[in-house]
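Here is a short report on one protein chain. Please look at the sequence and the fold first.

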Amino acid sequence: MKQIQIKFLTREKVREFNKMMQTLPGEYDLAVGRVDIDAKSALGVMSLDFTRVLTLTIYEDEEYPWVLDKLKVFQV
């Protein structure tokens with residue numbers, strides 16, 4: 001399991017993130033404060049507070065190390 005900090009600057013970046021998450025293997029959660037949602041859920045991701053830094057939890061980071069490279073564009 002690995003956690004990275006991400007931030008969205010525009011709603012378009014949120015859509016881009018969600019579209020990419022749909023194609024990635026494995027399980028991912030996004031958290032802000034005490035709210036924790038499935039990162040592949042379009043409605044869940046859109047409901048988060050984008051003014052804050054979000055924590056993305058990657059559960060299969062050893063099995064899919066290339067996923068971290070794809071997520072770097074959103075990383076803080």
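Buried means under 20% relative accessible area, exposed over 50%, and partly exposed in between (1.4 Å probe, protein chains only).

The model is predicted, so local features need pLDDT of at least 70 and side-chain atom pairs count only at pLDDT 80 or more, while totals for chains, interfaces and linings use all residues. Residues are numbered from 1 along each chain as its sequence is written, and side-chain values use heavy atoms, leaving out hydrogens and water.

**Salt bridges**

A search of the whole structure gives two salt bridges (a side-chain nitrogen of Lys or Arg within 4 Å of a carboxyl oxygen of Asp or Glu).

| Pair | Closest N and O atoms |
|---|---|
| Arg15 and Glu12 | 3.3 Å |
| Glu16 and Lys13 | 3.7 Å |

Arg15 and Glu12 sit three residues apart in helix H1, about one turn. Glu16 and Lys13 are also three residues apart in H1, so about one helical turn separates them. Glu16 is partly exposed at 35% relative accessible area. Lys13 is partly exposed at 34%. Helices (H or I, at least four residues) and strands (E, at least two) are DSSP runs, numbered from the N terminus.

**Strand E2**

Five of the five residues of E2 are buried. Tyr28, Leu30 and Val32 point one way; Asp29 and Ala31 point the other. E2 pairs antiparallel with E4 over four bridges (pairing needs at least two DSSP bridges). Tyr28 has Ile58 as its bridge partner in E4. Four bridges also join E2 to the antiparallel strand E3, residues 35-38. There, Leu30 partners Ile37. Two residues lie between the strands of the E2 and E3 hairpin, where Gly33 takes a positive phi near 65°.

Asp29 is buried but has no salt bridge. The nearest side chain of opposite charge, Lys40, is 10 Å away (Lys and Arg count as positive, Asp and Glu as negative; His and chain ends are not counted). A 2.7 Å polar contact joins the side chains of Asp29 and Tyr59 (N or O atoms within 3.5 Å, one able to donate a hydrogen and the other to accept it; residues adjacent in sequence count only if both atoms are side-chain atoms).

**Core**

The largest nonpolar core has 22 residues (buried Ala, Val, Leu, Ile, Met, Phe, Trp, Tyr and Cys joined through side-chain atoms within 4.5 Å). Those with the most contacts inside it are Ile6, Phe17, Leu30, Leu56 and Leu71. H1 gives the largest share, four residues.
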